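Please look over the sequence and the model before reading on.

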Amino acid sequence: DARDDAARVEVIWQDLLERLDDVGITAPPDASPRQTGTYIGGATFLTQDSRTALRRVVAAVEESRYARPVATLDPDR
């Protein structure tokens with residue numbers, strides 16, 4: 001169960017990778033999200049809309065993993 005946005009993004013990303021693996025499209029395990037997105041794009045026949053969606057998912061994964069945490073205004077958090 002995903003507790004925050006970053007965890008939800010990871011659940012969606014892992015689900016996508018597992019579904020692709022089920023049909024024989026498996027990115028290298030040590031690839032970055034961007035490398036994985038490039039691999040997926042090259043290994044599949046995607047429409048332009050699907051390529052755009054893939055780029056958005058990759059960007060969300062990169063942001064959730066690598067962006068600087070945002071300070072909260074709530075001192076109790």
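## Basis of the description

This is a predicted model, in which local features need pLDDT of at least 70 and side-chain atom pairs count only at pLDDT 80 or more, while totals for chains, interfaces and linings use all residues. Residues are numbered from 1 along each chain as its sequence is written, and side-chain values use heavy atoms, with hydrogens and water left out.

## Helix H1

H1 has 18 residues and reaches 26 Å from its first C-alpha to its last, close to the 26 Å expected at 1.5 Å a residue (the expected span being 1.5 Å times one less than the number of residues). Helices here are DSSP runs of H or I with at least four residues, numbered from the N terminus.

Val9, Trp13 and Leu20 are buried in H1 (under 20% relative accessible area, with exposed meaning over 50%, for a 1.4 Å probe and protein chains only). Seen down the axis of H1, the buried residues fall within an arc of 30 degrees, so they line one face of the helix; the arc is taken from the directions from the helix axis to the C-beta atoms. Glu18, Arg19 and Asp22 are exposed on the other side of H1.

## Helix H2

In H2, residues 33-43, the buried residues are Pro33, Thr36, Gly37, Ile40 and Gly41. They cover an arc of only 135 degrees around the axis, which puts them on the same side of H2, whereas the face turned away from that side carries the exposed residues Arg34, Thr38 and Gly42.

## Contact between H1 and H2

Trp13, Leu17 and Leu20 in H1 meet Pro33, Thr36 and Ile40 in H2, where contact means heavy atoms within 4.5 Å.

Notes. Helices (H or I, at least four residues) and strands (E, at least two) are DSSP runs, numbered from the N terminus.
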